[in-house]
Amino acid sequence: MLQSIEGVYKNGNIQLSELPSDVSESRVIVTFLEPEKSQIQKQIMRFGMFSGHEQSIEKTL
């Protein structure tokens, strides 16, 4: 049975985010992922996304 568990490699150690179920000893394969880049999400304003009569954020700024 294959299981995937997220973890973090830091200072030569791997810290798992959870313990694997029903595994006392097993061979493993470790894959190093690219570091996450902070991405600025585009915010799109659509008509009708605000409740009531106010349909823009101009008055809140």
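The largest pocket of this predicted model holds about 1100 Å³ of space. A pocket here is an open set of points on a 1 Å grid over the protein atoms alone, with protein on both sides within 12 Å along at least five of seven lines. Its volume is the space filled by probe spheres set on the points, which are joined across faces, edges and corners. The lining takes in 24 residues, and Ser4, Ile5, Leu16, Ile29 and Val30 are the closest to the centre; to count as lining, a residue needs an atom within 4 Å of a point. Two elements, β1 (7-10) and β2 (13-16), each give two or more residues to this lining, and β1 provides the largest share, with three residues. Sorted by class, the lining has 15 nonpolar, five polar and four charged residues. For that sorting, Ala, Val, Leu, Ile, Met, Phe, Trp, Tyr, Cys and Pro are nonpolar, Asp, Glu, Lys and Arg are charged, and the others, Gly among them, are polar.

Now for the strands themselves. The protein has two strands and zero helices, where strands are DSSP runs of E with at least two residues and helices are runs of H or I with at least four, numbered from the N terminus. β1 and β2 run antiparallel and pair over four bridges; strands pair if DSSP finds at least two bridges between them. Across this pairing, Val8 stands opposite Gln15 in β2. The two strands make a hairpin with two residues between them, and Asn11 in the turn has a positive phi of about 55°.

One aromatic pair turns up in the structure. Rings of Phe, Tyr and Trp (its six-membered ring) pair if their centres lie within 6.5 Å, and planes under 30 degrees apart are stacked, over 60 edge-to-face, and the rest tilted. This pair ties together distant parts of the chain, since Tyr9 sits in strand β1 and Phe32 in the segment after β2, 23 residues apart. Tyr9 is partly exposed at 48% relative accessible area, while Phe32 counts as exposed at 58%. Buried means under 20%, exposed over 50%, and partly exposed in between (1.4 Å probe, protein chains only). Of the protein's 61 residues, 0% count as buried.

Residues are numbered from 1 along each chain as its sequence is written, and side-chain values use heavy atoms, with hydrogens and water left out. Local features need pLDDT of at least 70 and side-chain atom pairs 80 or more, whereas totals for chains, interfaces and linings use all residues.

Terms used:
1 Å grid on protein atoms, 1.4 Å probe; cavity = no way out; pocket = protein on both sides within 12 Å on 5 of 7 lines; lining within 4 Å.
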